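Trainee: Please give me a close look at one interface here, and then connect it to the parts around it. I would like every cut-off stated as its term comes up.

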Amino acid sequence: MKADPEAIPQSLFRFRHAEKAAEQEAGAAAPSFWKDAWLRLCRNKGAVVSMLLLLIIVVVAFSAPALAPYDPNAQNVPRANLPPRIPGVGIPGLNGYSSLAGRPVDRYKLAGVPADTNYYFGTDEFGRDLFSRTLYGTRISLIIAFVAAVLDLTIGVAYGLTSAMKGGRVDTVMQRLLEILSGIPGLVLVVLILLVFSSGLFSIIFALAISSWIPMARMVRAQTLRIKNMEYVLAARALGTSEVRIALSHVLPNIAGIVVVRTMFSIPAAIFFETFLSFIGVGMKIPNASLGTLLNGGYKVFRIYPYQMWIPAAVLCAIMLVFNLFADGLRDALDPRMKE
Amino acid sequence: MKRFVSGLLTALLAAGTALLTSCGGTATASQASSAGSGAPASSAASAQEKSKVLNWVAPGEVTTMDSGKSYDVISAEQISFQADTLYRINEKNEAVPNLAKALPQVSKDGLTATVEIRDDARYSNGDKITAADIVYAAQRVVDPATGSQSANNLTYLKNAKEIIEKKLPVTDLGVKALSDTKLQFTLTAPTPYLATSLSDTLVSPVSKKFVESQGKNYGLNAQSLLASGPFVLKDWNGTDISWKYVKNPYYWDAKNIYFDQINVQVVKEVATGVNLYEAGKLDGAAVTGDYLTLYKSKPDLVTVQTLRMTNLEMGISSNKSLQNENLRKALLYAVDRSELAQSILNGGGVPAAGIIPDGIAVSPEGGKSVKDDFPKLVYTDKKKAKEYFAKALSELGTKSITLRLVTSDTDDSIKTGQYLQNAYQTALPGLKINLANVPATVRFKEMMSYKFDLALGGWTGEYDPTSYIKQHETGYEHNHSQWKSAELTGIVKALETSDGTDFVKRWAHLKEGNQYLLDHAVVVPLTQEAKNYLVNPKLKGYQTHVLGTPIDVTRARFEGGAAS
Amino acid sequence: MKNRWLRFLGRRLLYMALTLWIIVTITFLLMSFLPGTPYNNQDKLTAAQLQVLNQKYGLNQPVWQRYLTYLNNILHGDFGISLQFSDQKVTTLLGNRVGVSMQLGIQAAVFGTVVGIVLGTIAAMKHNTWIDTFCSLFAIVGRSAPNFVVAVLLQFVFAVTLGVLPIGLWNEGFRSTVLPTLALSISPMADSARFIRTEMLEVLNSDYIEFARAKGMSELHLVVFHGLRNALIPLITILGPITVSLMTGSLVVENIFAVPGIGEQFTKSVLTNDYYTIMAMTILFSALLVVVIFLTDILYQIIDPRVRIGGDRS
């Protein structure tokens, strides 16, 4: 059987000159690549589901003021340390009972709480509603996670790329600068920040901006060094493609996978960093909660009120899980080699 | 190159597997090893030996074992194992003779006192302890060259202040050895608290010969210390988190010392301490916070009040609103101290009765405690507080007041701060409190610059209750509120000088000072700190006291068989 | 080649010294702005006494003079005294404790990495199976659980409930190190598992591996000699700094297991203005960091000869 080239309709062909024109129109990044990536992302079931979940978490956390049944900072000391009670759920641990001298006791009755008042996640040592605090705390932690991710993706990636692409003396200087930055004790800086600014989001971002992106910068540099000497990059360079363009459209997509993984890791690190700052007095203004401060309070009383540790830990893990699934999908979508 | 890489990887993997298997197999493999050389003290000892070994606990590292330099409770407690004192504090917070033969003989004007010390007392190297050693110890504390942060604690001795400030030589200090066993103290002013003050390890005997032989290294490790007390320190090289004491055979009262050895372990995490205690690895554990609720009404729990008063201090000089007495009174009456002490601090404190902590001293007539004898001026009355607050608002011509509350970054401070914020905002609508929790050095700097609104501070005295009143006296450096009052200055002056030997008058002046400070609401007393311990119920004969070290186990013993 | 190496080595050593010196200088300057005094009994000290103490410790001099004295001292091996442990030498303080933290840190780094590599490799080989899902899940959970939570759980399960390992303290030799090591190893484990999986997947799907596979090489051989070699490169970049931070101790984990490490000292020294301890800890930390980064660069060169030392190929 022989194919007749004349029989193929013209519409199946795409002409190189047309594509080139479109490319030039859109500037450095080829639109087809990002569009492709988006389409590939939408085809990945796990990624879509996790994207939706992530969206839900973000929406829920940011509508905390509307959803929270109580003021997260309102104390009610006589109702301190009540275990979770969810109406209609009889499972031990969620029914308001906890053991006293070996026997389960209805803590709500003991504290004189009316039958129609429920604390879904229990209360803390001040009698504050942990459900409301978790909602608000998630919001703050998400903001911090977002800031950390943005810092990683901007300063970290740009620094690493520049350092590796420029090479030579610039690279050496930039690397020594990184060593100096990570060598100076952050805590000294943090205490000094405290003298200049008061606690709050701004201080946290400032403290994060100093050092949180350093591992990312190192990693991006290492990866770029590897890729910039690969044949296709050399070929692009031989063709006269500019360094910036090589970095953005040849190197970056190829290291996207590792960048995404690294970003995911910097998120919990940032959340715990905020906790640490809170206790020095630079983090969120007390009594505002974050997932980190909830966890930190919880681990200390783990033997007595286990739910105070499990709940924030579970929320944090859930967020991380969704983030990771989404990131995996994102990476697959961004990786040009995964094209079918 | 390839070979090298593969070799490296194999080695890495092998190491990993080795670790994996050793962790998996620890249950069996490790039991064998613990019976071997790996485990001293805690496990291998036989039951009979163990009965005379105490496994004790410390909440943090000792900052110093040098009796002349200690300034914190942890160090003072550890030093008291190995340094003998002239007097000891008993369960009733009274001084009883120890190294001294009897209570001090005080002259009529109350300005000189003589103390006779035992002639059978020896150091752990067998050298005799003489009166000159006490003189040397006291001189060493005030000597600027020593750099003792507790030097001010000896200002009851004549010329101490001038020596500390380098205005007089150390030999001018008001303590002399009249003979090998006779001491004479010259005092700044008459005081009823001389004997209790002399129970401090700051004036424990120190051998000049030994200190000079050690030079710069004195007190830096177990070898460079000489014990005058019941035990000798071992295995401590300056910054450890575990060490031990062995019985001092030369100690004059060695026959009443039961334990041959005391192992001390620093445990900072309360939960870990409780776990170790429950597992029988420790005979005592410091317990705080929520863990107290687990032990309420169990024989293991021992609570001791301390001299630490936690107060809400006010920057009266720097904040216009706080210069309004009605506002300060609103703050004084609005807070529920028993809820704070019981529910928030979980027994880590008791409600403050006044400016002066309970237990520090008793009335000269009838021996009544501060709590019983002083009028009850610190209480909760939210209605009254509201009235005062309304008055304050109208006087200040405003509808709301915002104050910043500075606290340290310790657990209890943060908790108390949060509680106060909520309590005040709820009880006094229109009042807004902003919390700032900062490192202790930062809080302290703010307070010492006298520029702050509210601060969670406090005062820890020694033996003389005067310091609690004096803290607020016009010219005093640590008068953080910068409250100026000729009346209070008069009271403090009377306490320090003119009251002389008339201890009844003196007590009346203390009462007056307390009343003055609370009438003007210069400070808001909150709680008197309490320390809580879990102690093996078989341990008997230990003492707890407000003065000195909270819990003294040097003369304790196990009863009813071996330790747990 | 040899000459080139020597030149590289000499230059790097010079850079390392320079880096350390800059870190020391900046830290010293910043530290002098810390508020408050280094004396712990600050509630009681009078101004006159403060003056006497400052004179004793040379803190009444201007910063530049103190800085020069300090530089001179450390060049002579004198790192000063710790003010929170009255007059104890900083070298004694760190000397007593650094070994413990380093042992735990290295154990945790090695164990965590090895297990992580194994998990990551298995996950990549069994891509898109339940094994892969399990390994990834483990890595994610491990990364989201802070080490103090892990430490508390390990202590509760293995020491309190099962009683097979000590609750804490440092007196049972290797047994005492097991739980703290495990708690510390969770995050390097999760990190390396995740990185290895990502990189390995990329490598295993590449053309040259397909080619080798087609030639009939065994899968294990492929994974170990081709996959791992490439996958290790990004890992090494992060592993260096992670190991250094593990070696310099963990505040909470060391406290939970009552282990005599240096973890708490850094935080405590900064919060109490213990100047010379801050400096000594900074020097220790940054010296380790600089050396580890140097070693990392050399290791790159060995594993991936395409990366040239000095990075001056272009």
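Mentor: In this predicted model, 55 residues of chain C are in contact with 59 residues of chain B, where contact means that the C-beta atoms of two residues, placed from the backbone, lie within 7 Å. On the chain C side, the elements that give two or more residues are helices H2 (47-56), H4 (90-125), H6 (147-161), H7 (174-204), H9 (219-247), H10 (251-256) and H12 (275-303); helices (H or I, at least four residues) and strands (E, at least two) are DSSP runs, numbered from the N terminus. H4(C) gives the most, with 9 residues. By class, this side of chain C has 29 nonpolar, 18 polar and 8 charged residues, with Ala, Val, Leu, Ile, Met, Phe, Trp, Tyr, Cys and Pro taken as nonpolar, Asp, Glu, Lys and Arg as charged, and the others, Gly among them, as polar.

Within chain C, confidence is lowest in H9(C), at a mean of 80, and highest in helix H3 (residues 63-75), at 92. Over residues 309-314 of chain C the pLDDT stays under 50, and for that stretch the model has 14 contacts beyond four places in sequence. As the model is predicted, local features need pLDDT of at least 70 and side-chain atom pairs count only at pLDDT 80 or more, whereas totals for chains, interfaces and linings use all residues. Residues are numbered from 1 along each chain as its sequence is written, while chains are lettered from A and ligands numbered from 1 in the order in which they are written.

Chain C also touches chain A, through 48 residues of chain C and 41 residues of chain A. Helices H7 (168-183), H8 (186-196), H10 (214-227), H12 (243-280), H13 (291-300) and H14 (307-334) of chain A each supply at least two residues of the chain A side, which divides into 27 nonpolar, 8 polar and 6 charged residues.

Turning to the partner, chain B is divided by an automatic or database assignment into domain 1 (60-266) and domain 2 (307-529), whose C-alpha centres lie 33 Å apart. Between them, 10 residues of domain 1 of chain B are in contact with 11 residues of domain 2, and the domain 1 side has 4 nonpolar, 6 polar and no charged residues.

Chain B also has an open sheet of 4 strands with mixed pairing, in the order E1-E10-E9-E8, two strands being paired if DSSP finds at least two bridges between them. E1 (53-58) and E8 (231-234) of chain B are its edge strands, each pairing on one side only. E8(B) and E9(B) (residues 242-247) pair in the antiparallel sense over 4 bridges, and Lys234(B) has Lys244(B) in E9(B) as its bridge partner. Across E1, E8, E9 and E10 (261-266) of chain B lies helix H4 (residues 73-82) of chain B, running at about 120° to E8(B); axes are lines fitted to C-alpha atoms, for helices over the stretch in contact, and angles run from 0 to 180 degrees between N-to-C directions.

Notes:
pLDDT is the predictor's confidence in each residue, from 0 to 100.
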